[in-house]
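Let us walk through a protein model together, step by step. Keep the structure open beside you and turn it as you read.

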Amino acid sequence: MARSETISFLSDYGLTDEFVGVVKSVIRHIAPHAAVVDIAHEVPAHDVRAGSLTLARAAQYLAPGPVLAVVDPGVGTDRRAVAVESEENGLTFVGPDNGLLAAAMAMVGGAKRAVSLTNADFHIASPGPTFAGRDVFAPAAAHLAAGVDLAELGDLVDPITLTPGMVPLAREEEGALVAEVLWVDRYGNAQLNVDPDEITQYGDRVRLRWGEQVRTARRAFTYADLRTGEIGLVVDSYGLVSVAMERRSAADELRLRPGDAVSLDAPPDQ
Amino acid sequence: MARSETISFLSDYGLTDEFVGVVKSVIRHIAPHAAVVDIAHEVPAHDVRAGSLTLARAAQYLAPGPVLAVVDPGVGTDRRAVAVESEENGLTFVGPDNGLLAAAMAMVGGAKRAVSLTNADFHIASPGPTFAGRDVFAPAAAHLAAGVDLAELGDLVDPITLTPGMVPLAREEEGALVAEVLWVDRYGNAQLNVDPDEITQYGDRVRLRWGEQVRTARRAFTYADLRTGEIGLVVDSYGLVSVAMERRSAADELRLRPGDAVSLDAPPDQ
Amino acid sequence: MARSETISFLSDYGLTDEFVGVVKSVIRHIAPHAAVVDIAHEVPAHDVRAGSLTLARAAQYLAPGPVLAVVDPGVGTDRRAVAVESEENGLTFVGPDNGLLAAAMAMVGGAKRAVSLTNADFHIASPGPTFAGRDVFAPAAAHLAAGVDLAELGDLVDPITLTPGMVPLAREEEGALVAEVLWVDRYGNAQLNVDPDEITQYGDRVRLRWGEQVRTARRAFTYADLRTGEIGLVVDSYGLVSVAMERRSAADELRLRPGDAVSLDAPPDQ
C-alpha cells in the first residue's frame, strides 16, 4: 500500500498534559517520515458532539492520509476502536466508534471500508490499563501511514454498523424555524444548523427567540457591515448562518451556547 | 524562484477551534515539503497591537521563508491582503494590511517589494464567504514556499502605502519619562517601551507612577537578584526595560496591563 | 556523530507568547532536518515539580534524540545549564540542572554522560541578557541533533553531581499509607504516588482522608465501571493508582490538587 506523508490529529487531550506529545512520539517511532498536522486538541473533555463538529468542519480540507481522532468518554466499555476509509479525499479516520467520526465521514463521501482494531500485533504494550490513544489508535494511524493495509489492522466490519452522528436538523414549527447553536467560535460567533436558503422567506430582518429572550437580527454580508451593538445573521465561511456582532462576542452578549435552541421567524410587525 | 523549507505562522485563531489546523492542511496540499513553525496562536482575538508586537519580537529569529500572520478584525472591509518581502533575513510576510506586519518588517530592514493578493488563481474556493486565512493568506504563503514569485500573486504596490504600525515611543514630560506597557509575558513581567539608556539618569532606584499608584523599583541585572516582594526594573532578553518581581507576577501584583501608561523618574527624596 | 531526526520539547513557556516559536525558529536555523515534537508547554510557570513529572511520564515514549526541557525559575542564578545522555533509549536531555530532568532520566536507565553547557561557541548572541531557552538550550539541542558530540558543548561533569529530583514516596504511618497527589490530569483524575500492590491489603473499598475530608473509594478496573457520583481508585495507564469519577472531575469534586497529602487505609467498619 502507498505510504502517507501526513497524519491529521484531533483530540480532547488538551495541551497541558503530555498526552498529545506522547501520541506523536509513538507515531514517530513507527512512521518517522510522516508529518502530524494538529486539527485541535482543546475540544472540551469528553464532548463527542463538539469534537465531531470540529472534525466535520475540517474534513474537506485535510491532507490525504490517516486522521487520528480521539474523544473517548467510553474508554474501557465495549465501544469498538475502528479505522474507516472514506470514499473521497483519501482519508482514513482512526478513533472510537462512538459517533465522533460520522459527520466528518459524511463530508468526504461516506465510508468505503472499515475495520475493528482487533489485531494486537499493531498495538503497543502499556505499563497499566490501555490508554487507547497511545496504545491502539496512534499505532494504527502510524502503521497506516507507513503503508500497512487497513484490513491487516483487524476484522473488517460493515460500515453500516458504525455508530451514527448526532448532528441535529433544524425543523419548521408553527411558522418558525427551530434551529440549534452548533458551535461558538473563538470570536463569539454562534453558528446555527441553518442554510441561508432556509431563512430567505423571512426577509432582511429576522426575529430570534431563545430561552426567555427575543431579539431582532439583521441579515448582513460580512461582520464589518454591522453597526456597533447590532445583532447580525451572517453566512459564515462554512456556508451556514451564524449569529454575530461586529468585533465583539455575540455568544457572550446574548448568552448563547452550543446546543441552545434558537427559533427564527419574521418579526411580528413586518 | 527558490523554494522555502519553512513557513512561520502567527494568528489570533486560538487552539480550540480548527482554524489553525485547517490553514496548515491547506498549506500541506500546496507545499507538502515545507514545515510550519507556529509562533503563537493565542494572540487575543482581534488585538492587532498585541499580534504586531509578538511578531516583532520573534521576527529576527524566524527561519527564511513566508511568514503567515493573521489578526484581522477588518475582514470583509476593503483592507488589502498583502505579501511583503523584507530587505533582510529572507522573510516574506503574508497577511492583512492593517498595521500587523509593520513593526516586524522594521526589525528585518523594512520592505523591499509588496503585492496586493489580487490574483484569484492563487486563492481557494470557499463554501461560504471568504475565510481570508484559509482561502487567501494560506494559499499565498504556500505558493511562495513552493517557489512562486511574489509578483505572480497580485498587483505590485508601493511599500510606502502599507499601513504603518502603532508602536508608541516613550516621551519626556516634566522631567519624567512617560512610557507604556508593551507586553505582559507568561511570567508577569511587564515590558516597557524603554531602552536601558533612557533611565540611567535616574540612578539605581526609580519611581514608577501609574493610575493612582506610586512605587519605587530597583534596577537589577536578573530576576534572581531581586528580594522576595521587591519591585525590580530588569533589562529583558529583548533589550528593553521591564517591571519584574522574583518568581511572581509583577503585572498581577501591581495591576499593570498592556497599554497602561507608566511614568518613570528619580524618587523625590534622593 | 549520528544526526537525530527528532527533538522533543517541553517547557513552561505557554502558548500565548512567542517563546516556543522563537526556540523552534532557532532550532530550524541550526538543524533544519529535525522535526520538533512538543511534549507540553503549559506546565504551570516556574513549577519544576510539575514539569519534572510530565517529562517523566513521557520519557519512555520519546523518539531518540535531544530532549529540550525548560522550566527554569533560577535563570540568572548560578544553576548550571546541562546536557545529559541517558543509558537507554538514546535520549539526551538539555535543560537547567534544577531537578527538572531527574525523574525522566531515571525512567530511561539513568545518566551516562553529562556536560555543563559552557562552550559559548554553541550559544547565540542576545539583544539583552541571556534568554537561556533561546540562547543556550535551543542551540545545544539543535547542534546535538545536527551531529555535534555532547563533549563539544562544554565541560564534562560527573552525573552524580546533577541535582536530584523531588518525587516523593508514599510512606506507612499508623497503619495507613500516606500518599501524595502527583498530578491532576485534563479529565480531573488525581494520580497518586501509589502502586496498586501497595493497597491490595485494604481490599475492595479504601478509606481516603485528606484535609478535613474522609471518603470511601471503590477499586475499579476502568472509569466506566464506576457508578455516577461514585469515587473510584483506578490504576491509570501509567500503572499508578488514581482517584477518579465517571465522566466528571474527581479533583474538582473532591478539591484535590497536586501536592496534597492523601491517607489511604481500610474503612473502620469493615
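On the side of chain C that touches chain A, the elements giving two or more residues are β2 (35-40), α2 (48-59) and β9 (176-184) of chain C. The most comes from β2(C), with five residues. Helices (H or I, at least four residues) and strands (E, at least two) are DSSP runs, numbered from the N terminus.

Before going further, a word on how to read this. The model is predicted: local features need pLDDT of at least 70, side-chain atom pairs count only at pLDDT 80 or more, and totals for chains, interfaces and linings use all residues. Residues are numbered from 1 along each chain as its sequence is written, chains are lettered from A and ligands numbered from 1 in the order in which they are written, and side-chain values use heavy atoms, with hydrogens and water left out.

The contact between them takes 31 residues from chain C and 34 residues from chain A, where contact means heavy atoms within 4.5 Å. How is the size of such a meeting expressed? It is often given as the accessible area lost when the parts come together. Here the area buried between chain C and chain A is about 2,600 Å², and carbon and sulfur atoms give 57% of that. This buried area is the accessible area (1.4 Å probe) that two parts lose on being put together, summed over both.

Two salt bridges are counted between chain C and chain A; a salt bridge is a side-chain nitrogen of Lys or Arg within 4 Å of a carboxyl oxygen of Asp or Glu. C:R57 forms a salt bridge with A:E18, with 2.8 Å between the closest N and O atoms.

Now turn to chains A and B. Chain A gives 31 residues to their contact and chain B gives 34. About 2,600 Å² is buried between chain A and chain B, 57% of it from carbon and sulfur atoms. A:Y61, A:R186 and A:Y187 supply 30% of the area that chain A buries against chain B, more than any other three residues. The salt bridges between chain A and chain B number two, and B:E18 forms a salt bridge with A:R57, its closest N and O atoms 2.8 Å apart. Across this interface, 15 residue pairs are in polar contact.

How are the copies arranged? Two copies of a chain are related by a rotation about an axis and a shift along it. Chain A can be laid on chain B by a turn of 120 degrees and a shift of 0.0 Å along the axis, with an RMSD of 0.0 Å. That is the relation of a three-fold axis. The superposition is by least squares on the C-alpha atoms of residues with pLDDT of at least 70 in both copies. In chain A, the residue that comes closest to the rotation axis is A:A35, at 4.9 Å (C-alpha). Only 10% of the interface residues of chain A are also interface residues in chain B, so the copies meet through different surfaces.

Next, look at chain A by itself. Its secondary structure comes to five helices and 15 strands, and its C-alpha trace spans about 70 × 35 × 35 Å along its principal axes. The domain assignment gives domain 1 (6-161) and domain 2 (171-265), with bounds that come from an automatic or database domain assignment. The centres of these two domains of chain A, taken over C-alpha atoms, are 33 Å apart. Of the 270 residues of chain A, 61% count as buried; buried means under 20% relative accessible area, exposed over 50%, and partly exposed in between (1.4 Å probe, protein chains only).

Finally, zoom in on one residue. B:S4 lies in the segment before β1 (6-11) of chain B. Is B:S4 buried or exposed? B:S4 is buried, because its relative accessible area is 15%. Leaving aside residues up to four places away in sequence, B:S4 touches B:H33, B:A34, B:P64, B:G65, B:P66 and B:A145.

Conventions: A polar contact is a pair of N or O atoms within 3.5 Å; within protein, one must be able to donate a hydrogen and the other to accept it, and residues adjacent in sequence count only if both atoms are side-chain atoms.
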